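Biologist: Here is the model I want to go through. Please start with the open spaces.

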Amino acid sequence: GEPEYLDPLKDEAPEGWIVTGYPWYAIDAPAHKKFAEAYQAKYSDYPRLGSLVGYTTFRAIAAGLTKAASTDTEKMIAAFKGLKVDDTPVGAITFRAVDHQSTMGAWVGKTTVKDGKGVMVDWRYADGAKYLPSEEETKKLRPQ
């Protein structure tokens, strides 16, 4: 469902596959629209999932640096415990204190061919916070 994979297939993209992906062309969230418009203005092309993940990663690093007020490794580790990053194109994400996992989610939908190219339809954004193991389960899986 990612443009990186669907674009080369053009009208040979699979029909009806359940996938994770990036339906950038249909996401109406204001923060995402701002990101996509700025990306298109700068690069004369639309964003791919790698573009979104890279941008979001750097927003998180900037937030971590600001909170840590340092590039010291231990201070950065401490800063990322429970770090909330509000200003991403997917909305707010958090780095859980228990395991430093990001709550960034994924779009889940089906593939189809529209206007001669593969796209995602019937998609929804699945917030990662709802799908990560609980804090209790994480502690069992990652004993100290």
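Biologist: What volume does the largest pocket have?

Modeller: About 250 Å³. The grid is 1 Å over the protein atoms alone, and a pocket is an open set of points with protein on both sides within 12 Å along at least five of seven lines. Points join across faces, edges and corners, and the volume is the space filled by probe spheres set on them.

Biologist: What about the numbering and confidence?

Modeller: Residues are numbered from 1 along each chain as its sequence is written. This is a predicted model, where local features need pLDDT of at least 70, side-chain atom pairs count only at pLDDT 80 or more, totals for chains, interfaces and linings use all residues, and side-chain values use heavy atoms, without hydrogens and water.

Biologist: Back to the pocket. How do the lining residues divide by type?

Modeller: Into 7 nonpolar, 1 polar and 5 charged. Nonpolar covers Ala, Val, Leu, Ile, Met, Phe, Trp, Tyr, Cys and Pro; charged covers Asp, Glu, Lys and Arg; the others, Gly among them, are polar.

Biologist: Now cavities. How many are there of 30 Å³ or more?

Modeller: The structure holds 1. A cavity is a set of points where a 1.4 Å probe fits but cannot get out. About 50 Å³ of space lies in the largest cavity.

Biologist: Which residues line the largest cavity?

Modeller: Among them are Gly1, Glu2, Tyr22, Trp24, Tyr46 and Lys117. Helix 1 (3-9) and strand 5 each supply at least two residues of that lining. By type, the lining has 7 nonpolar, 2 polar and 3 charged residues.

Biologist: Next, His32. Buried or exposed?

Modeller: Buried, because its relative accessibility is 0%. Buried means under 20% relative accessible area, exposed over 50%, and partly exposed in between, with a 1.4 Å probe and protein chains only. His32 lies in helix 2.

Biologist: What is His32 in contact with?

Modeller: Tyr22, Trp24, Ile27, Leu52 and Pro89, leaving aside neighbours within four places in sequence. Contact means heavy atoms within 4.5 Å.

Biologist: Aromatics next. How many aromatic pairs?

Modeller: The count is 8. Rings of Phe, Tyr and Trp (its six-membered ring) pair if their centres lie within 6.5 Å; planes under 30 degrees apart are stacked, over 60 edge-to-face and the rest tilted. Phe35 and Tyr39 make a tilted pair, 6.1 Å centre to centre with 50 degrees between the planes. Both lie in helix 2, 4 residues apart, about one turn of the helix. Phe35 is buried, at 8% relative accessibility.

Biologist: And what about Phe80 and Phe95?

Modeller: That pair is edge-to-face: 5.0 Å centre to centre, 85 degrees between the planes. The pair links distant parts of the chain, with Phe80 in helix 4 and Phe95 in the loop between strand 3 (93-94) and strand 4, 15 residues apart. Phe80 is buried at 15%, and Phe95 is buried at 14%.

Biologist: Strands now. How do strand 4 and strand 5 pair?

Modeller: Antiparallel, over 8 bridges, using residues 106-114 and 117-126. Strands pair if DSSP finds at least two bridges between them. Lys114 has Lys117 in strand 5 as its bridge partner. The two strands form a hairpin with 2 residues between them.

Biologist: What is phi for Asp115 in that turn?

Modeller: Positive, about 50 degrees, although Asp115 is not a glycine. Asp115 is exposed because its relative accessible area is 74%.

Biologist: And where is Lys10?

Modeller: In the loop between helix 1 and strand 1. Lys10 also has a positive phi, near 50 degrees. At 52% relative accessibility, Lys10 is exposed.

Biologist: Last one. How many bridges join strand 1 to strand 4?

Modeller: There are 4, and the strands run antiparallel. Gly21 has Trp107 in strand 4 as its bridge partner. Val19 and Gly21 form the covered face of strand 1, while Ile18 and Thr20 form the uncovered one.

Terms used:
1 Å grid on protein atoms, 1.4 Å probe; cavity = no way out; pocket = protein on both sides within 12 Å on 5 of 7 lines; lining within 4 Å.
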